[in-house]
Amino acid sequence: MHCFDIADTQIATLVKPFTPADGIAALKNPNSPKVVVGNEMQALYFSRSVVPFLRNFPEEEWLQHHTFYKHIGIYAYRAEVLRQITEMPQGTLEKSESLEQLRWLEAGFCIRVGTTDIETIGIDTPADLERAEQFLKR
């Protein structure tokens, strides 16, 4: 899908499905934001927590019963939207989760989501940096 082919798309970003091979620890990692996606591939919510909570299954089975999405921190914007969001103050959701895209959702912007199977190396912690260095050595 080409996110900007849909007229109401204001911002686009990428997600990667978590797989059972990733394991529950990867899914629960708060440094790997999760995205809840609607039927039209629009972002409904971003969280550092596992969302949605699968009430009827034990945690170790969650990845077999639902597609959870990892946020890949790459964005594309329509020019007028980029101008608007750079002037916006933080919202309460952004402050609580420390995720900037919640500011945009809270303000009513449509963030369209594209999917990828390509793994990226996000560097948000010293441990992430060490993993990236090891990856580069291989």
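Residue A12 is found in strand β1, which covers residues 11-17. The structure is a predicted model.

**Surroundings of A12**

- A12 has a relative accessible area of 8%, so it counts as buried, the limit being under 20%.
- Leaving aside residues up to four places away in sequence, A12 touches C3, F4, I74, Y75, A76 and R112.
- Along the chain, A12 and Y77 are 65 residues apart, yet a distance of 6.4 Å separates their C-alpha atoms.

- A pair of aromatic rings is described by two quantities, namely the distance of the centres and the angle of the planes.
- The count of aromatic pairs in the model comes to 5.
- One of these pairs is formed by Y77 and W104, with 5.8 Å from centre to centre and 80° between the planes.
- This pair is edge-to-face because its angle of 80° falls in the range over 60 degrees.
- The pair links distant parts of the chain, since Y77 lies in strand β4 (residues 69-77) and W104 lies in helix α5 (residues 101-106), 27 residues apart.

**Accessibility of the two partners**

- Y77 is partly exposed, because its relative accessibility of 29% lies between the limits of 20% and 50%.
- W104 has a relative accessible area of 5%, which is under 20%, and therefore W104 is buried.

**A cluster of rings**

- F53, W62 and F68 are linked into a cluster by ring pairs.

Terms used:
Residues numbered from 1 in each chain as written. Predicted model: local features only at pLDDT ≥ 70, side-chain atom pairs only at ≥ 80, totals over all residues. Heavy atoms only, no water. Phe/Tyr/Trp six-rings, centres within 6.5 Å; stacked < 30°, edge-to-face > 60°. Helix = DSSP H or I, 4+ residues; strand = E, 2+ residues; numbered from the N terminus. Buried < 20%, exposed > 50% of the residue type's maximum accessible area, 1.4 Å probe, protein only. Contact = heavy atoms within 4.5 Å.
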